[in-house]
Amino acid sequence: MANSPSRVFAAVSPSAGDVYRDENESVFNRGRKQTPLHTQSNARVVQMTGCAELSCPPDRATVTISVKNSKEHVNDVTNSVTRRLEYILQTARQHDVKEENITVTKHLQREEELFHMRAEVLVVFSDFEKMQQARSVLIEKLDKSVCVGDPYYSHSAESLNLFRRRVCLEAVDNARLKASEACCILGQALGRPLLVREEESQEWTSGQHDVTDSPPTLHQKTGVTLVSTSSGVFVAFELRPKDSNRRK
């Protein structure tokens, strides 16, 4: 991902305590109180900002399968719905769905001379290919008393947390690369980091299908969404003369 353009201003004859700054730093810190760098009085510092923006596809798909039937006798309707439920649950297990990712609800009621029973199975898949295979089996094998819904794509809390950390680390790495390149131009060596601060973080969701003349794909029809996150960080590094590295 491309970094934001920056220019580095430095003193021609640096003296003790000189600070080399990335001019983009003012964008992040405009109107903010600066965090003091607790360094030695003779420390020289290079300050940089880094930005990153990434998108994360969903990592799970939820499919709702409903079964309904009506009979004159309660045993007949419960047996009919139960047989179909067992086949649905067996199909989900055969496609590597764990028990904790399957939810079953049942509802039985009587209206006049008929017993009506409805059951709903909520299945959460982490493998999208197996999800499509399971849906195809259920649609092909079961009758019209069973309705297999379209998948609903979403992000698990674990995947989002990992993704947010990844974006922040990417921004820090971009700041480090910019600082390292600036030091090479200035004939200096990049030292240890003195301060890392995340200045800005934003997150938004968007569909994969924009408004165009082309028809949406299957995933776009079923509501695949991307979560995008941006992060802006401020990083300060110790600035060392190159000669100090040679003496080591």
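## Terms and model

Buried means under 20% relative accessible area, exposed means over 50%, and partly exposed lies in between (1.4 Å probe, protein chains only). By that scale, D143 is partly exposed, because its relative accessibility is 36%.

This is a predicted model, in which local features need pLDDT of at least 70, side-chain atom pairs count only at pLDDT 80 or more, and totals for chains, interfaces and linings use all residues. Residues are numbered from 1 along each chain as its sequence is written, and side-chain values use heavy atoms, with hydrogens and water left out.

## D143 and R84

The structure holds nine salt bridges. A salt bridge is a side-chain nitrogen of Lys or Arg within 4 Å of a carboxyl oxygen of Asp or Glu. One of them pairs D143 with R84, with the closest N and O atoms 2.8 Å apart. D143 sits in the loop between α3 (128–141) and β7 (146–148), and R84 in helix α2 (residues 74–94), so the bridge ties together parts that are 59 residues apart in sequence. Helices (H or I, at least four residues) and strands (E, at least two) are DSSP runs, numbered from the N terminus.

R84 has a relative accessible area of 17%, so R84 is buried. D143, at 36%, is partly exposed.

## R135 and D150

A salt bridge also joins the side chains of R135 and D150, at 3.5 Å from N to O. R135 belongs to helix α3 and D150 to the loop between β7 and β8 (152–154), so this pair ties together parts 15 residues apart in sequence.

R135 counts as buried because its relative accessible area is 13%. D150 counts as exposed because its value is 53%.

## R192, E238 and R240

R192 and E238 form a salt bridge, their closest N and O atoms being 3.2 Å apart. The pair links distant parts of the chain: R192 is in strand β9 and E238 in strand β10 (residues 225–241), 46 residues apart. Salt bridges with shared partners join R192, E238 and R240 into one network.

R192 has a relative accessible area of 49%, so R192 is partly exposed. E238 is buried, because its relative accessible area is 17%.

## E199 in strand β9

E199 lies in strand β9 (residues 188–207). Its relative accessibility is 7%, so E199 is buried.

The E199 side chain makes a polar contact with the side chain of R197, at 2.5 Å. A polar contact is a pair of N or O atoms within 3.5 Å; within protein, one must be able to donate a hydrogen and the other to accept it, and residues adjacent in sequence count only if both atoms are side-chain atoms.
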